[in-house]
Amino acid sequence: MGESKLFSAGRALSIAEVPQWDVVTDVAVVGFGAAGSCAAIEARYAGAQVDIFEVASAAGGSASLSGGEVYVGGGGGTSVQREHGFVDETEDLYRYLLMSGGPAADQERVRLYADHAASHFEWLGAQGVPFKGTYLPGKWIEPTTDDTLIWSGNEKAWPFSEHAKPAPRGHTVEFKGWGGGKLFMEKLSERAIQLGATAHYETRAICLITDQHGAVKGVLVRKAGEYLYVQANKGVILCAGGFITNRAMVERYAPQAMVCEQFVTGGNDDGAGIRMGISVGATTLNMHEFFATLPFFPPESLIKGIFINERGQRFINEDTYHGRVAHYVLRQPNGRVWLLVDNEIFGRPLIQQDITIAAVGETWEEVEAELGLEKGALVDTVATFNRYAAEGQDPYFHKDKEWLRPLLTPPFAALSYCQGDIEGHAFTLGGLATKPTGQVLNADGQSIPGLYAAGRTACGLPRWGEGYSSGMSLGDSTFFGRQAGRHAALESED
Ligand SMILES: Cc1cc2nc3c(=O)[nH]c(=O)nc-3n(C[C@H](O)[C@H](O)[C@H](O)COP(=O)(O)OP(=O)(O)OC[C@H]3O[C@@H](n4cnc5c(N)ncnc54)[C@H](O)[C@@H]3O)c2cc1C
């Protein structure tokens, strides 16, 4: 993790061990990514002196590699939703987000976000992030056009569609090609600097500094081999990302994510922020949760296929968000799963062109035999699926009729989603327990004075892998980064 033997993120320094203060500021922000930039902007708006410490040589973090897509809506609709005829009531966004948070959803956090997500979108625009304002229909992992509005989650899919009126809520920065997050972050980081925040690059936050009462008073950083003691009079905000690159932490806290060998990260998600929080008594939430995807489409036609496990049984509506599909795939018995397709819908997934084709046949019986499945297991499943699909129905998994079509045109094939053949992509969703203000909480649910966290260092809005939608992490990081920046600057008690 690049830390000295003397100091570690897991052990806070006592103020008594501080020889001198090398930097004195109001708000020290650790990490200049999505959450850190927005925390810095709001803290500056509130009049605080802000110093940002960033281990990389430039701002951006994982967010600068991202698709630059934020999940927003409500209030009757953002300006873009309304322009394209989508009404998105706050209560629908609220219900959707609550469901997306899973069993441990945080109602207070969801309420705050749902009430203010539409105005947060306008705020991002006001900071200089460009949105073209156009709508792109269809199903996308990440748009490569410069359009704005897309369907980016489970909104139209069962069971979500039964609980909240669907609306497209992915709002993407105006950028052609993959990786619009670069532009997104250029704009936000430029804004923080324009407003007067001071950025210290190639400067790693090493550990927190506390007083005799356990209040956080500063942070020790290292730049070019030298240690600097930073006094933060109003607070330290940890915005250092999650822990997907720290395999020891993943093994300990989120072992199911170990099968995903592709890390969705800018490279510095080593859990340092979370460990710093733990070192001063913070509690953590949902550390086992992670976003995962096995991007099985585009081409969109593959959504019309059906996933089966080694018992020949279906287990998911394939039109749901690809990350939700991935979680279901990953937990099938013995990690053995195939996507069944016929000749009309066959294609190779864009992101995994070298997918293993485990079986091909002129009949489903041949495919079943080639996969070595129990006689009748696959054939019966396909026959049942085909019978209902012909009527536009899916009584067991409720796949929408837009994606229902009997698999009748030979040759038939089984694309392998068996462990060993797949490339799982993941980042972590668990982190420090915080209030929606960003104040970090201890095991008794009390805030730790002087300590805030946002983005993937905290357990935020996206906290359940099965409920994640594209845009939720940037939406959460930017929105709750703002809350933390403002509260730290104003030193609010609650
Ligand atoms: C390819 C890709 C596509 C994605 N697409 C999307 C998308 O379209 N929409 C979406 O919502 N999410 C997307 N994500 C996820 C999203 O980018 C991240 O979850 C999000 O950036 C988290 O924000 P953050 O502020 O917590 O972390 P980051 O943006 O990663 O910022 C953390 C910063 O902290 C720095 N840091 C870490 N440790 C230290 C330390 N000890 N001292 C100082 N600095 C430190 C890091 O270098 C980094 O700059 C994508 C991610 C990737 C990689």
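In this predicted model, the largest nonpolar core holds 80 residues. Val-236, Phe-307 and Tyr-417 touch the most other members of that core. Two domains contribute residues to the core: domain 1 (13–65 + 181–291 + 425–490) and domain 3 (295–416). The core therefore lies between them. Phe-307 illustrates the packing. Neighbours within four places in sequence left aside, Phe-307 is in contact with Phe-296, Val-325, Val-329, Val-337, Trp-338, Leu-339 and Tyr-417, among others. Its contacts also include Gln-313, Arg-314, Phe-315, Ile-316 and Glu-318. Another core, of 61 residues, lies apart from the largest one. Its members include Phe-86, Tyr-113, Phe-291 and Tyr-452. In soluble globular proteins, nonpolar side chains tend to be buried together.

Trp-178, Leu-350 and Ile-351 make a nonpolar surface patch of about 290 Å². Trp-178 belongs to the loop between β7 (170–172) and α6 (181–194). Its relative accessibility is 47%, so Trp-178 counts as partly exposed.

Charged pairs were examined next. Side chains of opposite charge can pair when their charged atoms come close. The structure holds 21 salt bridges. One of them joins Arg-95 to Asp-92, with the closest N and O atoms 2.9 Å apart. Both residues lie in helix α3 (residues 90–100). They are 3 residues apart, about one turn of the helix.

A second pair sits within helix α6. Here Glu-186 forms a salt bridge with Lys-182, and the closest N and O atoms are 2.8 Å apart. The two residues are separated by about one helical turn, because they are 4 residues apart in the helix. Glu-186 counts as partly exposed, at 33% relative accessibility. Lys-182 is also partly exposed, at 47%.

A further salt bridge links Glu-491 with Lys-234. Its closest N and O atoms are 3.9 Å apart. Glu-491 lies in the segment after α12 (472–490), and Lys-234 lies in strand β11 (residues 226–238). The pair therefore ties together parts that are 257 residues apart in sequence. Glu-491 is partly exposed, with a relative accessible area of 43%. Lys-234 counts as partly exposed at 24% relative accessibility. Elsewhere, salt bridges that share partners join Arg-314, Glu-318, Asp-394 and Lys-399 into one network.

Methods
Residues are numbered from 1 along each chain as its sequence is written. This is a predicted model: local features need pLDDT of at least 70, side-chain atom pairs count only at pLDDT 80 or more; totals for chains, interfaces and linings use all residues. Side-chain values use heavy atoms; hydrogens and water are left out. A nonpolar core is a set of buried Ala, Val, Leu, Ile, Met, Phe, Trp, Tyr and Cys residues joined through side-chain atoms within 4.5 Å. Buried means under 20% relative accessible area, exposed over 50%, partly exposed in between (1.4 Å probe, protein chains only). Domain bounds come from an automatic or database domain assignment. Contact means heavy atoms within 4.5 Å. Patches are made of residues with over 30% relative accessible area and no salt bridge: like charges are joined within 9 Å, nonpolar side chains (Val, Leu, Ile, Met, Phe, Trp, Tyr) within 5 Å. Accessible areas come from the Shrake-Rupley method with a 1.4 Å probe; for residues, only the protein chains shown count as cover. A salt bridge is a side-chain nitrogen of Lys or Arg within 4 Å of a carboxyl oxygen of Asp or Glu.
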